Number of protein chains: 2
Amino acid sequence: MRYSEDHKAKTHQRIIDEAARLFRRDGIGATGLQPLMKTLGLTHGGFYAHFKSKDQLVETALAHTAEQLKASTDEIFANDAPLPTFIRRYLSSAHCANPGDGCPLPTMSSELGLRGQASEITDQVVRDRLQAIEGSLDTEEAEAQSIMMISAMVGALVLARSVSDPQLSQHLLKTVRQQLLEQVESAS
Amino acid sequence: MRYSEDHKAKTHQRIIDEAARLFRRDGIGATGLQPLMKTLGLTHGGFYAHFKSKDQLVETALAHTAEQLKASTDEIFANDAPLPTFIRRYLSSAHCANPGDGCPLPTMSSELGLRGQASEITDQVVRDRLQAIEGSLDTEEAEAQSIMMISAMVGALVLARSVSDPQLSQHLLKTVRQQLLEQVESAS
DNA sequence: TGTACATCAGTGAACGCGCGTTCACTGATGTAC
DNA sequence: TGTACATCAGTGAACGCGCGTTCACTGATGTAC
């Protein structure tokens, strides 16, 4: 069957989008190409009309996630007083409950650390975020503070997702959220 | 071949120790029973003389890790001014470089979150740590501060292990270490 | 003390399964004449 | 306008591989007589 001109490009993008979701939600290793393609209503053989290998998809999907992340971060930081918004969103129950649509840092640490080329994308994500936060802090020690904030946010999300007690999970999120917001307020 | 009386118990423990290491280093899913047993100089079939299934090993190994962790934490917190020691050890280059011998929280978040029974062990690990830190803080807001500290430490380790640039990695660790140590000093 | 037997931790081939990957094939549509 | 052909995204069976698990077997040692 021959399709319309942009059909292949659309399918290509659908694969990337779904992969970016599943890699973050379930991990790279636990995401099979067969289930991935089935989710899109396709068969697994067709995958190789779009990508050379799973590894190539991983890199593409990671790059796509990084781009998306930068765009949404930049959007937040284009406004006034962006830091409280960023903190509230990052440490929201929604972000905690939907790792597939969120930040890849808390979920993919172990798998990212091992990959050579792909983990350079991680470096850029971390540096971009640090710069954005640092830029909106007027204090001395802005750099150290931005590192502390990012670390606390990533750690809080990791912990909130790891524990099985929902109350403990929410308590961790809420506490770090409030502490960081206070810190931002007192700094301005 | 029949072995000495405590031979089986020793092998049993060797399996648990190695599994606890590999689960933290490579993840549960990525750790195969065949390579695990081979590392111990055994064949894979013998595994089932010791455990009913891989799942049972996972639970046993996780419980063992939690116990070990509690023991080493308690040891640190039995001394005077334990917090600086704990912070320095947790955010050391050695801990960062050897996930297999360290805290399971930064590496196993995604895999732990999905497991029912096993993730209750995680709850206990988190609560134990919080209590230990909280107890050695004399300030008001000791609870909130201990949550912030744990989050920052876990997040810093996750980030330091995720990035590919060693300098960035060390910088993240060092900055969070110094910030937390200052915070502890100023609180006492 | 010497011999026959029981024990059972560990062996290694085999099982079904899902993985990533390959490949001969399909068939609706665009193009050539 | 009608027909023959080329295209190529997607199909689905098949590949080797490592996984978790099963099972008939081994053979050094302890026990019974």
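**Reading a two-chain model**

Student: What share of the interface residues of chain B are also interface residues in chain A?

Tutor: The share is 100%, so the copies meet through the same surface. Contact here means heavy atoms within 4.5 Å. The model is predicted: local features need pLDDT of at least 70, side-chain atom pairs count only at pLDDT 80 or more, and totals for chains, interfaces and linings use all residues. Residues are numbered from 1 along each chain as its sequence is written, chains are lettered from A and ligands numbered from 1 in the order in which they are written, and side-chain values use heavy atoms, with hydrogens and water left out.

Student: Which rotation superposes chain B on chain A?

Tutor: In general, two copies of a chain are related by a rotation about an axis and a shift along it. Here the rotation is 180°, the shift along its axis is 0.0 Å, and the RMSD is 0.0 Å. This is the relation of a two-fold axis.

Student: At what angle do the axes of helix α1 and helix α3 of chain A cross?

Tutor: Helices (H or I, at least four residues) and strands (E, at least two) are DSSP runs, numbered from the N terminus. An axis is a line fitted to C-alpha atoms, for helices over the stretch in contact, and angles run from 0 to 180 degrees between N-to-C directions. In chain A, the axes of α1 (residues 7–26) and α3 (residues 54–77) cross at roughly 85° and come within 9 Å. That makes α1(A) roughly perpendicular to α3(A) (65 to 115 degrees; under 35 is roughly parallel, over 145 roughly antiparallel, the rest oblique).

Student: Which residues meet there?

Tutor: Among them are I16(A), A20(A) and F23(A) in α1(A), and L57(A), A61(A) and H64(A) in α3(A).

Student: Is C96(A) buried or exposed?

Tutor: C96(A) has a relative accessible area of 11% and is therefore buried (under 20%; exposed is over 50%, partly exposed in between, with a 1.4 Å probe and protein chains only). By contrast, E134(A), in helix α7 (residues 116–135) of chain A, is partly exposed at 29%.

Technical notes
Copies are superposed by least squares on the C-alpha atoms of residues with pLDDT of at least 70 in both.
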